[in-house]
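Work through the exercises below with the sequence and the model open. Each task is followed by a solution in steps.

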Amino acid sequence: LALAVLPSCIRCYAPTDSIQDTDPPQSGYLPNHNMDPAAVASSLALGWKLSFNLNEVFYAKPLVYTFNGAANESVITVSNQNIIRIHDGNTGTLLKTRTLLPPFQSTDTNCGDVSSTVGIIGTPIIDPNTDIMYFYSKSYKGVSGQYQLYAVNLPSLTDASGFPVLIDGHSANNDPTRYFLGGTVLQRPGLAMLGNTIVAGFGGHCDHWNYTGMLVAVSKTPGVGITNIQAMQASPGQAIDLDVTTEFGGKAGIWQSGMGIAADTNRVFFVTGNSRGAGANGGSNGKAASGKVYLSTLEQSVVNMAVNPSTGALQQQDYFEPFNYDSNNGGDLDFGSAGIALLDPTVFNGNGVNRIAVAGGKDGKLFILNADNLGGFAGVLQTIILSNGLRSGPASYPLEGVTSLNGAPGTGIVWVADGTWGLRAWNAVPVNGVLTPITFPNAFTTNGINKYQRAVFGNGKVYVTRNSALMMVTGGGGKTLSAPLTCSPNPIAFGNVMVTQTSTIQVTCTANVAITKPSPSLASTIFQVGPATFPASVPSGGTFSFPVTLNLTDANLITYENSTGTPLSPGALGGALNLFATAPAGYMQDTVISVSGTAVASQGYLVVNATSVSFGGVFVGGGSPSQSKGWVRLSNLGSTALKFSGYAYQDYYAGMTYVNITSSTVGNGYTSSSFPALGSTLAAGASIVVPLVFSPGETGIHASYLTIWSDNG
């Protein structure tokens, strides 16, 4: 089902392959990978793990492909160092590798969002009819950055005829004054393929530089090159600023936390991020507008762009821009932080709506849209208010009748690649409205996955990346390697540890087979191994021990902040201890032990559960609803009580002047009946819920910023 829109197979890749970021419409429903929930719960295990140099990171998702005549699938990776690799999916054996031009240096972006180097960041796409893989690579042309679209033959990794194609120097078709400048932009979303055209989205590096988000179409035909470029911010709605060093350019980047561009027949859907200024729709002073009328400033918008699959021409067809897009600009609350999913039209339809689209962003709103009539400014089918913002793509499950394991009812699995806790899974069919977790066997864990990742599937296998490592996990298929060590305790749980203090746990490992050169590795400086001397060799049945410490001393917290650029906040901490050892064939060369603990502040520490609270629309002067309700939770994660010392709000549309809160009014149009009194305290470990009500006295868009002061945060 998920691959039904692809051309018919000529080279006969396997039906369990993953040739792009999830499926073409980005529905997230993948019924073709033989993943049995029962097998996952009983036998999920690490099949193999490969580690590369510490500065190499896999931001793009792996692809899975079975070459013509091959006995089994291969997994393909591309990295921030412009390195392409092909591995045997069963064993991890390196089959082929190629290194492209030297990657762009992260220091030249003035942004630390991508570590070390910026090479290949967006997920590639494979054309199974030609065995060609397409992807964008960032490198240098002289001292300036450049982007090239590569097309490489599989499995040789040689360039296809007419490629790579240089994108730099070309202007946007909808605004010839705006040129593509590879040094100022980042290609993060997964690619889309429609007929003879490859489509890609470009955003910025931390909103630095004077960049404009762009959608770029390139022909697969050798020698044709770029067929169309659409700038997300264009004249007449926004005049161009010619100074490339400023941060007052077009913005409206397409980044989507790496989620792929959604494709549907002859159109693509994507979501843009924040910009500067109210744009053509006027922000709070704007009036409702049809999405079918061309908009030159596509900021904070869902966009439907027509693609001529033969010529590659792009044409804006429709858009949706939420009513509060301009205030979200000011708060850096990108709508485009999560991408868009087009749901199965045979299941998700009704009331004249033939296809439903789902999109959400940093402000915690999930919009349900009519994909054929997105709504313009600011029409929408439904808005669901979430407790937190989105930085990952939505997924869908069309319930029974179309299932994940050969049509067996109830076999759908919801997979999550968690940045802290690693690969996780739930049964897709809720029980009493709640998803039930699938517990992995033997405390199995991958530990934290790279940000903006999804699990990638083959035939009964799951592939994930963590930092500079690639892992294959089996569960329902494939061959599992044995663990060389059994360590206790596993996981290592420190519990609560006060800031300025340390806690140490002794770990003992038993060799399941004779090994040599055991050595530990911890990515986090908060968790430490040693001091200890590791043996040169350990016989089968032999043991060795070593200490592991959660170090929250002042000196180590400074080291942590210097290495990460961010101070450590109280709360849950997680990581992975890797024990590498040389073991015989059939055994893994790495044993993973999960480590966790909770940092507790030495004084009071005030935190809020959400930095943005969204309210739906209300009626003024009659009509229902006349008000909308929300809440925030204030918590003290410290070890002593804290005292509330002040409150103020700022009206985004009235100059952002601080207004002290002395009554139930906590913003322009916002009230609270039980705000904590000045001078009141919040005990250590305690939380309070503050109710909020949106009930404005006049029409328009209302956005306020609330600041809470205490003696500790």
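**Exercise 1.** Is leucine 579 buried or exposed?

*Solution.* The model is a predicted one, in which local features need pLDDT of at least 70 and side-chain atom pairs count only at pLDDT 80 or more, while totals for chains, interfaces and linings use all residues. Residues are numbered from 1 along each chain as its sequence is written, and side-chain values use heavy atoms, with hydrogens and water left out.

Step 1: find the residue. Leucine 579 sits in strand β40 (residues 571-582). Helices (H or I, at least four residues) and strands (E, at least two) are DSSP runs, numbered from the N terminus.

Step 2: apply the cut-offs. Buried means under 20% relative accessible area, exposed over 50%, and partly exposed in between (1.4 Å probe, protein chains only). The relative accessible area of leucine 579 is 2%, so leucine 579 is buried.

Step 3: list the surroundings. A contact means heavy atoms within 4.5 Å. Not counting residues up to four places away in sequence, leucine 579 touches several residues, among them Cys487, Cys509, Phe534 and Phe546. Its C-alpha is 6.4 Å from that of valine 592, which is 13 residues away in sequence.

**Exercise 2.** Which cysteine does cysteine 487 join in a disulfide, and which parts does the pair tie together?

*Solution.* Step 1: identify the bond. A disulfide is taken as a pair of cysteine sulfur atoms within 2.5 Å. Cysteine 487 is joined to cysteine 509, S to S 2.1 Å.

Step 1: Cysteine 487 belongs to strand β33 (residues 485-488) and cysteine 509 to strand β35 (residues 502-511), so the link ties together parts that are 22 residues apart in sequence.

Step 2: read the torsion. The value about the S-S bond of cysteine 487 and cysteine 509 is about 110°, so this disulfide is right-handed.

Step 3: check burial. Cysteine 487 counts as buried at 9% relative accessibility, and cysteine 509 is buried at 0%. Both cysteines are among the residues that leucine 579 touches.

**Exercise 3.** How many disulfides does the structure hold, and what pattern do they follow?

*Solution.* Step 1: count. There are two disulfides.

Step 1: describe the other pair. Cysteine 111 is bonded to cysteine 206, S to S 1.9 Å. The angle about the S-S bond of cysteine 111 and cysteine 206 is 55°, and the link is right-handed. Cysteine 111 lies in the loop between β6 (104-105) and β7 (117-118), and cysteine 206 in the loop between β16 (197-204) and β17 (214-219), so the pair ties together parts 95 residues apart in sequence.

Step 2: check both ends. Cysteine 111 is buried, at 8% relative accessible area, whereas cysteine 206 counts as partly exposed at 40%.

Step 3: write the pattern. With bonded cysteines counted along the chain, the disulfides follow 1-2, 3-4.

**Exercise 4.** Where is lysine 220 found, and which residues is it in contact with?

*Solution.* Step 1: locate the residue. Lysine 220 is in the loop between β17 and β18 (226-231).

Step 1: Lysine 220 has a relative accessible area of 14% and is buried.

Step 2: list the contacts. Leaving aside neighbours within four places in sequence, lysine 220 contacts Asp127, Tyr134, Phe163, Met193, Gly195, Asn196, Thr197 and Ile198.
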